[in-house]
Amino acid sequence: MEKDPDTIVEHDLFPFIRIYKSGRLERLLGTSVVPAGTDPVTGVISKDVQINPTTGVSARLYVPPHIPSHAKLPILVYFHGGGFVIETAASPTYHNYLNSLVSNARILVVSVEYRRAPEHPLPAAYDDCWEVLAWTASGSCPDEWVSVYADLGRVYLGGDSAGGNVTHHMAVKAASQGIKIKGLILCHPWFGGSGSIGSEPEDPVKKENSLKIWPFVYPATTGLDDLFMNPMAKEERMDSVYKCEKVLVAVAQKDGLRDRGKLYYDKLNEAVLSGKWDGRVEFYEAEGEDHVFYLHNSSCDKAGEMMQMVVSFID
């Protein structure tokens, strides 16, 4: 008897996603969502705004409570993680984190809801993130919160994991389009490369995960040294970052992506020391912690340290 194609796994990208022979898709993580509104703990207010009705691209906006009259707030355009396949801007993971960040930093956040692979392979997510960034920073944004409260002289870009990857590439695009970005916040960014560096040879399983997931989410890729996966492979790929005033790179000691994040920091620090860039780069490493630990254990001491690092980095 022939097996049901709805039960035959064709692509198993555990712990993120499974694709069955029938075409059925099963996301294994990051499927929960919470509505926007007023957070009962922090008083932060959020709302969902559609940006492009054709593609469905939207954003969840956050503002702190009790904004003084005529106050202008730094603005952070945030790109969530999840390997480009799981999580959303409405995920409780990101909703709770951004409520806390907005409360502590007193900023306006635009959290991007981009299209995900495999239904929409890369570069769709990059295109969506750029559309939301341009919508936010254009100076003619139709949203009242952005037009009234946002200080477009203090635009920050930030994200974790895949969102950290997006943060770099949005900075590159912004520089080419003349949009001024004050600072970048890359938390445990997902970068890679064909050759192994640092401790990567000691954990071939994590390296193999990148090898499997990257071509799955970006079928047209040229490989792990693709400019989207490995911006450090060529020096000119980093040049656009130097248009920013400052960059914060955060890594976790036990994270398989730790050495790539450290290399990104090292490249920027070399540019500072050589005089090529007159900006500032900061580095934070959470000892004894793993990938995006602060999102899943926000009450731990290291998560508190990291929150303060991000808050102090933003004006």
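Residues are numbered from 1 along each chain as its sequence is written, and side-chain values use heavy atoms, leaving out hydrogens and water. Because this is a predicted model, local features need pLDDT of at least 70 and side-chain atom pairs count only at pLDDT 80 or more, while totals for chains, interfaces and linings use all residues.

By pocket I mean an open set of points on a 1 Å grid over the protein atoms alone, where a 1.4 Å probe fits, with protein on both sides within 12 Å along at least five of seven lines; lining residues have an atom within 4 Å of a point.

Let's start with the largest pocket. Helices here are DSSP runs (H or I, at least four residues), numbered from the N terminus. H1 (92–105), H5 (204–217), H6 (258–274) and H7 (293–296) each bring at least two residues to this lining, and H5 gives the most, with five.

What about the second largest pocket? Of its 15 lining residues, His 169, Met 170, Val 172, Lys 173 and Phe 228 lie nearest the centre. H2 (124–137) and H4 (162–176) each supply at least two residues, with H4 giving the most, five.
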